[in-house]
Amino acid sequence: MKSLEELHKIREMKRKELDLRVNTKADTREKHILVCHGTGCTSSKSPEILENFRRILKEKNIENVRVIKTGCFGLCAKGPIVIIRPEDTFYAMVTPEDCEEIIQTHIIEGNKVERLLCKDIDGTKVNSLDELNFYKKQKRIALKNCGVINPENIDEYLAFNGYQALERVLREMTRDEVIELIKKSGLRGRGGAGFPTGKKWELTKASEGEQKYVVCNADEGDPGAFMDRSILEGDPHSVLEAMAIAAYCIGANKGYIYVRAEYPIAVKRLQIAIDQAKDYGILGNNIFGTDFNFDIEIRLGAGAFVCGEETALLESIEGRRGQPRVKPPYPAQSGLWGKPTLINNVETYANIAQIILNGPDWYSSIGTENSKGTKVFELGGNVNNIGLVEVPMGTTLREIVYDIGGGIPNGRKFKAAQTGGPSGGCIPKEHLDTPIDYESLKEIGSMMGSGGLIVMDDTKCMVSLAKFYLEFTVSESCGKCTPCRIGTKRMLEILEKLCNGEGSELDIYKLEKLAVNIQKASICGLGQSAPNPVISTLKYFREEFREHAIAKECKALECKAMAKITVDAEKCKGCGLCQKHCPVNAIEGEGREKRIINQEKCIKCGTCLTNCPFHAIGNG
Amino acid sequence: MEENIVTLTIDDQEVKVKKGTTILQAAKQAGIDIPTLCFLKDINEVGDCRMCIVEVEGRRGFATSCIQTVEEGMVVHTHTPNVLEARHVILDLIISNHAKDCLTCTRSGNCELQALAVKFNVLNVEFPGEMTKHKVDDLSPSIVRDFNKCILCRRCVAACKNVQQIGAIDCINRGFESCISTVGDHSLNDVNCTNCGQCIEACPTGALHEKETIDEVWVKLKDPDTHVVVQTAPAVRVALGEEFGMPIGTNVTGKMVTALKRLGFDKVFDTNTGADFTIMEEAHEFIERFQANDNLPMITSCSPGWIKYIEMNYPELLPHLSSCKSPHQMFGALLKTYYAKKEGIEPEKIYVVSVMPCIAKKFESKRPEMKNNGLYDVDNVITTRELSRMIKQANIEFTKLEDSKFDNPMGEATGAAAIFGTTGGVMEAALRTAQDVLTGEDLDRINFEQVRGGEGIKRATVNIAGKDIKVVAASGLANARKILEEIKSGKADYQFVEIMACPGGCIMGGGQPIKSSKIRSEVDVRKLRADALYSIDEKSTIRKSHENPILKKIYEEYLEKPGSYRAHKLLHTHYQAREKYKLN
């Protein structure tokens with residue numbers, strides 16, 4: 001238990017101590033070696049790197065240098081990442097064996113380890129984080145502390161205004177004032193649908209009931225999405241603080257964080273954070289000397305995608321099979337165990353303290369008219385910079401893909417971007433300049449979703465892509481309602497037919513009919529949005545569907561069943577390279593003879609195609 | 001008052017309904033029949049199947065009419081082109097994963113899915129595809145599960161889990177692979193199922209049905225060397241008519257007897273006579289135990305689903321059970337002893353068929369305790385539904401039959417026995433006899449209204465011979481559980497308890513005619529059938545079991561007195577703790 005004065009003291013002392021983390025000109029003799037401990041870097045041996053640094057420093061009797069584990073820096077493709085502060089030197093793809101050299105060259109000799117410096121897309125070496133194009137257009141609010149603080153140390157969170165918003169709210173503001181402030185900020189739910197957060201709080205507050213609950217939805221399940229994980233791993237206290245603020249506003253005394261068991265690091269750090277907060281009296285009874293009591297428990301999910309749907313999540317917390325309830329009633333009216341319950345997503349919570357500290361006007365000055373603030377995206381797929389980015393709402397897809405993402409690798413062309421995961425849709429190149437916000441994404445047939453953003457180059461088949469997402473939904477449907485349980489399966493079967501060259505135009509018609517009716521008749525968001533990937537690909541790439549259905553052709557060569565790989569005799573010079581690379585000896589011909597592909601043996605792997613120096617091999 | 005009334009418009013009709021009414025119910029009041037499939041009033045109101053979707057002006061997406069309630073000024077459309085198309089697609093999808101073998105399905109003609117297919121004139125399946133495949137589970141002596149016909153409405157799950165609080169079945173797997181199964185996907189025979197059959201009554205299709213055993217009856221009827229005797233339970237006579245289009249609650253005793261005779265049974269007896277024996281034995285057992293304060297409260301033992309339930313769940317409370325066999329078992333035992341001797345027929349040649357409203361009786365009749373001299377008391381149990389099929393297969397026009405009377409020498413029964421078929425009936429019948437025995441008088445008090453009615457638990461205090469006796473009648477296993485918990489925790493201050501496994505008693509048993517969700521939401525089936533039984537009782541000249549002249553005679557000639565050595569040997573039984581799961 002710490003008194004308010006003690007907490008203020010810790011905050012002040014730590015802030016001075018950690019100034020070097022955010023200030024390259026910090027007045028200090030210390031250096032901090034920050035080692036990313038997000039899931040990606042951790043699996044690439046960052047804990048070993050951390051240990052090596054510590055061991056070597058000890059062996060060499062070097063003081064004034066501390067090695068800190070942090071959350072995700074964002075540029076996961078370059079991991080494991082090591083950053084040295086205050087000079088902000090960015091070392092990429094560090095291995096445990098590099099530690100010795102970094103200590104010797106950088107720490108002892110004061111020179112940079114050139115070969116480990118991060119390179120930008122154009123090959124230029126960058127000295128610091130800020131010089132990277134990847135970071136230039138980003139604005140970090142939700143990720144503010146990620147990569148800056150040690151997430152397992154509450155003092156470091158306190159140093160950067162941690163729990164100051166909660167203190168202000170509890171000691172200086174009424175519940176209505178806080179809700180009004182959140183409403184004014186324009187913050188909307190980051191879980192996908194974008195419901196105004198303040199409004200949700202207001203509704204839950206207005207619901208009658210002695211017992212209310214606050215829930216954090218950390219059941220991030222979209223393929224390729226890891227923003228919630230990164231926040232929980234990098235800055236867990238920001239979520240706890242916001243939950244406490246929300247609880248104060250709606251009149252709850254108990255909170256649950258529903259997080260997937262597949263996020264072991266996030267779970268561990270959350271538990272550490274909860275324990276530390278309890279230890280300091282920031283969670284528990286009479287928080288900050290007020291009569292406000294609040295406690296948080298973690299509930300582990302078993303990984304069902306549908307449990308990210310708020311009512312299915314509630315069912316799961318209550319110990320039942322994770323499947324949705326029919327709404328209305330909404331959780332604000334009847335949620336956990338029938339009590340009014342506020343459910344917000346991790347990223348939504350991560351914005352709350354910042355909004356309170358910096359004011360609603362500051363927040364609403366960022367973003368577009370109806371979508372305020374920033375949004376975290378996981379940039380993946382055929383893009384150079386894969387990682388976690390946070391951009392102001394209204395940033396265009398082009399800026400994200402080309403400026404931040406560094407464009408498409410291998411000189412290929414952009415074909416489409418998929419946002420919103422299995423619930424979202426495809427955005428083709430004609431909409432590259434659409435400013436990203438809730439409304440405009442919806443308008444062009446996609447959705448914000450939880451922030452997955454997968455870029456596809458021109459070698460991708462859109463029918464296969466739709467099939468991929470439907471495979472996901474079919475295996476993740478809970479099976480409760482008919483349209484989702486059987487309908488998505490039928491859609492998948494039709495897509496499989498099309499990809500196997502067994503489809504017809506009628507199948508496209510059936511696909512659309514199913515899609516529309518599943519959207520309208522399913523119980524929950526999973527079913528209602530499951531057809532989106534099909535509807536949007538049909539909208540923008542209908543011709544490709546028709547090619548599959550009528551001409552039985554997949555130009556992207558992804559649908560192997562339809563491919564017929566042949567050698568163009570005019571272009572073939574008889575070099576035999578294709579033959580050398582063919583894994584199944586399907587290519588016939590000797591010496592300088594023109595080569596012929598034996599269709600019966602060919603497995604359509606495409607190896608010959610990529611190895612032909614004369615572009616003589618193709619589909620058709 | 002006014003503020004409790006909501007005015008809304010459904011299909012251009014103004015409707016005024018109570019606040020809290022669902023859109024589906026409101027539509028019903030306006031004469032609009034929105035199709036449903038997973039909906040089963042008060043039991044399964046979950047909105048899973050999506051057939052009942054409607055459009056509500058100003059609302060995004062469809063509303064789920066079976067669970068969403070009306071709001072003032074709401075404008076509902078139940079058959080817009082959008083709704084119709086979605087409903088067609090949903091129905092098509094359900095059918096696409098349903099075994100479409102209607103010709104070889106027991107529920108053909110009484111299948112809610114089939115009825116919808118007819119209503120929507122489904123001529124072909126627009127979205128065919130892979131179908132889930134399930135093994136048929138027919139290892140249980142009572143219930144056959146064919147989940148190739150299951151449409152995952154989960155009405156059976158709700159009946160088992162919520163109404164009966166057994167939870168023998170629930171949904172396993174996810175998505176398209178979802179199916180209703182048991183712990184570890186084992187046979188129903190090897191898990192905590194009590195064989196109550198409420199799941200069958202809840203099923204809209206043929207995914208659940210009783211294990212039919214009428215083939216053997218046909219064979220025996222043909223065999224000149226076998227003396228085939230049939231007995232019918234009280235609840236059968238007030239429900240059998242429904243299978244021939246007669247109104248619910250029609251008493252068809254006379255026609256039923258005629259039909260049974262036409263089917264070729266050598267003798268047609270009444271289980272009600274057995275019920276009178278049960279009362280004699282049970283009332284005397286109660287008096288003895290009451291006076292000795294021995295293992296009170298005493299609990300009735302006529303309901304085999306209930307017996308299996310207590311054996312599996314509360315074995316420590318088994319001493320509270322009456323040791324009486326159920327009426328048809330008592331009667332079967334007497335048929336193979338007293339009747340055989342009297343008529344000079346070798347017991348081995350007597351084949352006893354019980355027509356029961358119950359499928360747990362199929363299990364009960366095969367219990368090893370139900371044997372005497374190596375012979376089962378009852379050889380075959382068929383349900384009300386199975387009897388109706390036999391009658392139909394014998395080309396008998398049931399509704400046109402004349403009435404006949406049960407055969408003698410064992411065809412006389414009292415009004416007390418008739419009400420055995422409804423919750424509270426056994427209690428009432430026992431009280432009629434107990435009060436006369438205790439006072440030694442012929443009391444005028446016959447009706448015990450306190451234990452009548454459809455409530456799940458009915459408590460009453462009855463003063464007999466200056467002593468207050470507290471009694472409870474409970475029906476449905478969820479209510480049974482409450483009573484047992486009271487007994488277990490020492491809170492029970494009553495002396496006599498009647499428990500029936502099925503909510504409402506035997507008239508609502510798992511072997512009775514299956515009523516569609518629509519009928520169940522429009523009429524109180526239990527009340528109609530119960531009223532018919534009480535009416536039989538009212539009209540009976542003898543309304544107390546101990547006054548049944550046949551009983552008197554048989555006790556005089558053969559059994560001596562209630563509770564005698566021979567009575568114990570033939571009419572009483574014992575119970576055993578039972579493992580819930582046999583999962584090897």
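Let's start with A:Trp337. Is this residue buried or exposed? A:Trp337 is exposed, because 11 other C-beta atoms lie within 10 Å of its own, and the cut-off for exposed is 12 or fewer. Keep in mind that we are looking at a predicted model.

Where does A:Trp337 sit? In chain A, in the loop between α14 and β8. The backbone deserves a look too. Phi of A:Trp337 is near 50 degrees, a positive value, and this residue is not a glycine. Why flag that? Most residues other than glycine have a negative phi.

There is a second case in chain A. A:Phe288 is not a glycine either, and has a positive phi of about 55 degrees. Find A:Phe288 in the loop between α13 (264–279) and β7 (295–301) of chain A. What about its surroundings? A:Phe288 has 18 other C-beta atoms within 10 Å, so it counts as partly exposed. A buried residue would need 20 or more.

Now peptide bonds. Most of them are trans. Go back to the loop that holds A:Trp337, between α14 and β8 of chain A. A:Pro328 is in the loop between α14 (310–317) and β8 (341–345) as well. The bond from A:Lys327 to A:Pro328 is cis, with omega near -10 degrees. Another cis bond runs from A:Arg85 to A:Pro86, and here omega is near 10 degrees. A:Pro86 belongs to the loop between β3 (82–85) and β4 (89–91) of chain A.

Let's zoom out to chain A as a whole. How many helices and strands does it have? The secondary structure comes to 25 helices and 17 strands. The radius of gyration of chain A is 27 Å, close to the 25 Å from the globule rule for 620 residues, so chain A is as compact as a globular protein of that length. Its C-alpha trace spans about 85 × 65 × 40 Å along the principal axes. Of the 620 residues in chain A, 56% are buried. Next, contacts in chain A with a separation of 6 or more. Among these, 72% join residues 24 or more positions apart.

Chain A is divided into domains. The assignment gives domain 1 (4–136), domain 2 (154–363), domain 3 (374–457), domain 4 (462–551) and domain 5 (564–619). Take domain 2 and domain 4 of chain A. Their C-alpha centres lie 34 Å apart. Their contact takes 11 residues from domain 2 of chain A and 8 residues from domain 4 of chain A. What is on the domain 2 side? By class, we find 7 nonpolar, 3 polar and 1 charged residues there.

On to the partner chain. How many residues of chain A are in contact with chain B? The contact involves 26 residues of chain A and 27 residues of chain B. Three helices of chain A, α19 (462–476), α20 (482–499) and α21 (505–521), each supply at least two residues of the side that touches chain B. Which one gives the largest share? That is α20(A), with 8 residues. By class, the chain A side has 10 nonpolar, 6 polar and 10 charged residues.

Now into chain B. The domain assignment gives domain 1 (2–94), domain 2 (128–210) and domain 3 (214–571). The C-alpha centres of domain 2 and domain 3 of chain B are 28 Å apart. Their contact takes 17 residues from domain 2 of chain B and 23 residues from domain 3 of chain B. Helix α5 (residues 198–202) of chain B gives the largest share of the domain 2 side, 3 residues. That side has 7 nonpolar, 8 polar and 2 charged residues.

Last stop, one strand of chain B. Strand β13 (residues 350–356) of chain B is mostly covered, with 7 of its 7 residues buried. Both faces of β13(B) are covered. On one side are B:Ile350, B:Val352, B:Ser354 and B:Met356. On the other are B:Tyr351, B:Val353 and B:Val355.

Which strands pair with β13(B)? One is β10 (residues 227–232) of chain B, parallel, over 6 bridges. In that pairing, B:Gln231 stands opposite B:Ser354 in β13(B). Another is β16 (residues 380–383) of chain B, also parallel, over 4 bridges. Here B:Met356 stands opposite B:Thr383 in β16(B).

Note on methods
Residues are numbered from 1 along each chain as its sequence is written. Chains are lettered from A and ligands numbered from 1 in the order in which they are written. This is a predicted model: local features need pLDDT of at least 70, side-chain atom pairs count only at pLDDT 80 or more; totals for chains, interfaces and linings use all residues. Domain bounds come from an automatic or database domain assignment. Two residues are in contact if their C-beta atoms, placed from the backbone, lie within 7 Å. Ala, Val, Leu, Ile, Met, Phe, Trp, Tyr, Cys and Pro count as nonpolar, Asp, Glu, Lys and Arg as charged, and the others, Gly among them, as polar. Two strands pair if DSSP finds at least two bridges between them. The radius of gyration is taken over C-alpha atoms; the globule rule is 2.2 Å times the number of residues to the power 0.38.
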